[in-house]
Structures are given as structure tokens and as C-alpha cells.
Protein chains: 2
Amino acid sequence: MNIGEVSTRADLPAKTIRYYEEIGLVKPLRDTNGYRAFRESDVHKLVFLGRARALGFTIEDCRALTALWEDKARASADVRSIASDHLIQIEAKIADLQAMHETLSHLVSSCAGDDRPDCPILQSLEKVTR
Amino acid sequence: MNIGEVSTRADLPAKTIRYYEEIGLVKPLRDTNGYRAFRESDVHKLVFLGRARALGFTIEDCRALTALWEDKARASADVRSIASDHLIQIEAKIADLQAMHETLSHLVSSCAGDDRPDCPILQSLEKVTR
DNA sequence: TTAGGGGTTCCAGTCAGGGGAAGGTCAAGA
DNA sequence: TCTTGACCTTCCCCTGACTGGAACCCCTAA
């Protein structure tokens, strides 16, 4: 199977698939003409990778997760550990963004937004009151 | 004023300040020995930049915001527009992260996390059910 | 004079790919 | 047989917003 079909089936850009090969996440075979020759197992793995990335796992997380996925003697605790660490990261990012949102939405709603220059948003950015 | 003092006063790494000069956000003078010579107005601007960056504005947003900040004839609508666009970006990111969080927290809580290999997290990543 | 703690530039790396050039390969139609 | 166009290949540079490090210069105090 050529990269185009894999790209469609795994719903990943060809560029991304080539990149994943470059960093050793997938190892497709090669045809005599130099084209990558993907097996079903490669497609399966790429789908796995796509889903993990969509959940925000880093590439290194993905590397660890696929290793566990392929290890029939894995302990589910190892998988859960990676996932719950990632959950903590997500929670931290959400909290960060919510703090930004709170500050900024107050500022936006207090700004007249007309053609006059007075602007509480700029005033607040100017203040050293961190 | 040398970069070290500015770094302390604006609470920004010296590297960051040099970078901001490189991309034209600040334009400190130079001493005869080649050292950057910052004025009070430069420090003031760097504090402004630091606060805007802390609220998640991009560098290009910051460039626009400082231009407005220094334009005494600005319309507050222009500032508000940048800020509310940014709010929308923040809201989108929060929504994304919350969706990830929801999916992943269900998975984590359904995984035994012991030494057995059965793992709903891996099973779910494997499925093509996008 | 020397040691240290400033400062300077420049280069490379981060993360996860994206854009695009230059060129090879394949299948279908004239 | 030739050509067209879709597909594939590698290669290199670009992104954002810095960060780390090397190699070197400058200033002050002991």
C-alpha cells in the first residue's frame, strides 16, 4: 500500500507519516522503486498514533504507548500512569487558560470599544501590578 | 541601564529581551562599549510586553498592542478587537482541552491500573471509531 | 594582575510537522 | 510510442518564542 492510501485511511497527512517514519514511530517496507510499502499493521499503528496525538499525547508519550500496546505482557498500570500524567498536564493548561480568560474577559467588557483612546485594557497591561 | 537590571525590573530573561530587540519590539540605545543602554521607557515597554505575553497574546498581537499603546489618538475599539479575538482563541483552546480531558479521564478511571495487560485506554486508542 | 561577574554575537536546538523545489515512477489515453 | 498528469521520492528551509551554549569582550575589586 502506498502512502496516499495510508494517508486517507489513517486520516493523517503524508508529510506526517514520513515524519513518523523518520523518527522511528513506523517502519514501512520499501518497494523496489523506492516507494514506501505499508502493511495493514502499519496502518493500524498510524490510526493508533493519530488518536493518541488527537488526545494531546506528545510524540514521546506515543512512542511509549505504542511500545506498551505491542507488548502483550504489559501492565495496565504503566499505561494508566502515562495517561494520568497527561491528564494533569491538561488540567494545568486549562487552569492557565481559564485564568487568562477571566482576566481578559473582565478587561474586554470594561472597554468601551469606541473611537475614543481611553482603554482599560492598555491601562492594565501598563501597570506593574503583577 | 544594562540588560541585567532591566531583566530584574521587567521580570524577563535577558535572552528574551535580546530577542525582543532582534525582532524590533524594543530599540535600546548602545553605550560606546557596545552594551545595550535601556531607558525608563524601554523598561516600561518591556513590562507591558511581559504582561501581554502572560495573557497569551502572540508576539504579533503585542506588536499591534504596543503600537496602539503609544498612539495617543488610538480608538479603544482597535484594542478591544485584538483582545476579543484573542479571547475567542482562548475559548477554543479551552474547549479543545476540555474535550480531551473528558475523553481521557473516562478512560483513566476505567483502567484498573494493575499488573494485568487488559487496558481500556489502549483499546480505545486502537479503535478506528473517530 | 588576576578573578569574577557582567556584557556581546552567533549557532544550534526545541516541537511537530508544513511548504515547496527538483526530480523519479506509473498508468491511461492519443 | 509518446505524453500527460497524478503520484511518489529526498532535500532544505520555515514556523513561534524563545533557550542553551560557545567564544569572546568589558569592568571592577582585591
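Leu46(B) is in contact (heavy atoms within 4.5 Å) with Val6(B), Ala10(B), Leu12(B), Ile17(B), Tyr20(B), Val26(B) and Phe38(B), leaving out residues up to four places away in sequence. The model is predicted: local features need pLDDT of at least 70, side-chain atom pairs count only at pLDDT 80 or more, and totals for chains, interfaces and linings use all residues. Residues are numbered from 1 along each chain as its sequence is written, chains are lettered from A and ligands numbered from 1 in the order in which they are written, and side-chain values use heavy atoms, with hydrogens and water left out.

Leu46(A) and Leu46(B) touch the most other members of the largest nonpolar core, which has 76 residues. Domain 1 (1-56) and domain 2 (75-130) of chain A both contribute residues to this core, so it lies between them. A nonpolar core is here a set of buried Ala, Val, Leu, Ile, Met, Phe, Trp, Tyr and Cys residues joined through side-chain atoms within 4.5 Å; buried means under 20% relative accessible area, exposed over 50%, and partly exposed in between (1.4 Å probe, protein chains only). Domain bounds come from an automatic or database domain assignment. The C-alpha centres of the two domains of chain A are 36 Å apart.

Chain B can be laid on chain A by a turn of 180 degrees and a shift of 0.0 Å along the axis, with an RMSD of 0.0 Å (least-squares superposition on the C-alpha atoms of residues with pLDDT of at least 70 in both). The two copies are thus related as by a two-fold rotation axis. The C-alpha of Ile94(B), 2.9 Å from the axis, is the nearest to it in chain B. Because 100% of the interface residues of chain B are also interface residues in chain A, the copies meet through the same surface.

Arg36(B) counts as buried, at 19% relative accessibility. Its side chain makes a polar contact (N or O atoms within 3.5 Å, one able to donate a hydrogen and the other to accept it within protein; residues adjacent in sequence count only if both atoms are side-chain atoms) with the side chain of Glu21(B), at 2.5 Å.

Of the 19 residues around DNA strand D (a heavy atom within 4 Å), Gly4(A), Arg36(A), Lys15(B), Tyr20(B) and Arg53(B) come nearest. Sugar and phosphate make up 69% of the atoms of DNA strand D that come within 4 Å of the protein. Phosphate oxygens of DNA strand D lie 2.7 Å from a polar side-chain atom of Arg53(B) and 2.9 Å from one of Thr16(B).
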